[in-house]
Amino acid sequence: MRVVTCQTPLWFGTSEIIIQLIFTLVTFLIAFYAYRVYAISRQRPSLLFSIGFLGLSIAYFMQLLLNYFILTGVRTSQLLPNVVAASSTTLQLSVIAVILHMFFKTTGLALLAYVTLKERNMKIFILLVAISFVGLVFSGFLSLSFFLITSIFLAFITLQYYRRHARKPTTNSLLVFLGFGLFLLGNIQLAFASSLSLLYISGHFIALLGYALLLMSLLRVVMR
Amino acid sequence: MSKKRGRLQIIYDILNAIKLKGGTIKPTHLLYKSNLSHQMMNDYLKELIGKEFVIEHEEKKNNSKTYSLTKKGYDYLAEYKTVMQFVESFGLEEE
């Protein structure tokens, strides 16, 4: 199994942590509000939507921790070159954070795809997750496979929201469709970031814009 | 012809009909106010009792039933618009 890494400028390290903190908070906010809607309406799709976004929130939090470990490690190695920056504990924690990030993001997006496709049979969701994990575990390129599998889920979700918007256009349905569309575009860029580090940076900013639109849609509901 | 009501709208109409009757209603009144078939109304009532939005009271003396709103039912009515907007925005309607 190969994990492809990409070289990103050090200045982006801090920005990336801030962006991931925003991702964590926005996804948690949507999860929280979807759960609140479930608590009032007792509708199953709202509960599953909430769990899906909670999965994404945990995934981004894991990535945030991972980048914090890396950033502090890099800075330590610059200041103290004789000290081995990445201790074995830090390395182990980083590997655990990567695995947890992939697990929660894949599961979260699989659940969101399952909800938006209006499936009722839970076995379909289990099938989606099982196939995704088999694809990840036996892939020769873990990072590329991870982003491509999650992009497939995002493509289905975006298409569903496009159809919804085309059927019944409202400002909120447009914001949600564009939000997931940008999230997809950012994710595809991240898939190919190992060959061009600029894609790693633009992928994050595009996804940030996508989450800003999802947040705007949520705020339009809450603030009314 | 009026637009077909969604599930959330039907639930709102049932709960609102009970509220407008002072929080307790007889099944015949509810059938008339909710504009549903007898079978559909029973299905919805079963669901609303399961979700703890409504309580069923049985009077053995008259062999009659009444339905009352619970706190969860009142909460649903109060938050209905926000719930609807959220559900519509993110496409979470139950089919």
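Predicted model: local features only at pLDDT ≥ 70, side-chain atom pairs only at ≥ 80, totals over all residues.
Contact here means heavy atoms within 4.5 Å.

How many residues of chain A are in contact with chain B, and how many of chain B with chain A? On the chain A side there are 27 residues, and they are in contact with 22 residues of chain B.

Chain A has seven helices and zero strands. Reading along the sequence, the pattern is α-α-α-α-α-α-α. Chain A has 224 residues, and 46% of them are buried. Its accessible surface is about 11300 Å², and carbon and sulfur atoms account for 74% of that. Now consider contacts in chain A between residues at least 6 apart in sequence: 75% of these join residues at least 24 apart.

T106(A) sits in helix 3, which covers residues 88-116. Is T106(A) buried or exposed? Its relative accessibility is 2%, and buried means under 20%, so T106(A) counts as buried. What does T106(A) touch, once neighbours within four places in sequence are left aside? The list is S132(A), F133(A), L136(A), F146(A), I149(A), T150(A) and F153(A). There is also a polar atom on the side chain of T106(A) that lies 2.6 Å from the backbone oxygen of M102(A).

Back to the interface. The size of an interface is often given as the accessible area lost when the parts come together. For chain A and chain B, the buried area is about 2300 Å² between them, with 57% of it on carbon and sulfur atoms. Three residues, I40(A), Q43(A) and K118(A), supply 26% of the area that chain A buries against chain B, more than any other three residues. Please keep K118(A) in mind, as I will return to that residue.

Between chain A and chain B there are eight residue pairs in polar contact, with both residues at pLDDT 80 or more. Which helices of chain A each supply at least two residues of the side that touches chain B? They are helix 1 (10-41), helix 2 (44-79), helix 5 (142-167), helix 6 (171-191) and helix 7 (197-222). Helix 1 gives the most, with seven residues. By type, the residues on this side of chain A divide into 13 nonpolar, six polar and eight charged.

Next, charge. Side chains of opposite charge can pair when their charged atoms come close. Over all chains, the whole structure has nine salt bridges. The count between chain A and chain B is four.

One salt bridge that crosses between the chains joins E93(B) and K118(A), with the closest N and O atoms 3.7 Å apart. K118(A) is the residue I asked you to remember from the buried area. E93(B) and K118(A) are both partly exposed, because their relative accessible areas, 27% for E93(B) and 26% for K118(A), fall between the 20% and 50% cut-offs.

D75(B) and K71(B) meet in one, at 3.1 Å from N to O. How are these two placed relative to each other? They are four residues apart in helix 4 of chain B, so about one helical turn separates them. D75(B) is partly exposed at 33% relative accessible area, whereas K71(B) is exposed at 62%.

Another salt bridge in chain B is between K65(B) and E56(B), where the closest N and O atoms are 3.6 Å apart. K65(B) is partly exposed, at 35%, and E56(B) is partly exposed too, at 32%.

T66(B) is in strand 3 of chain B, residues 64-69. With a relative accessible area of 13%, T66(B) is buried. Not counting residues up to four places away in sequence, T66(B) touches T24(B), I25(B), K26(B), I55(B), E56(B) and H57(B).

That is where I stop.

Technical notes: Residues numbered from 1 in each chain as written. Chains lettered and ligands numbered in written order. Heavy atoms only, no water. Buried area = accessible area lost by both parts, 1.4 Å probe. Salt bridge = Lys/Arg side-chain N within 4 Å of Asp/Glu carboxyl O. Polar contact = N/O pair within 3.5 Å; in protein donor to acceptor, adjacent residues only side chain to side chain. Nonpolar A, V, L, I, M, F, W, Y, C, P; charged D, E, K, R; others polar. Buried < 20%, exposed > 50% of the residue type's maximum accessible area, 1.4 Å probe, protein only. Areas by Shrake-Rupley, 256 points an atom, 1.4 Å probe, with all protein chains shown as cover.
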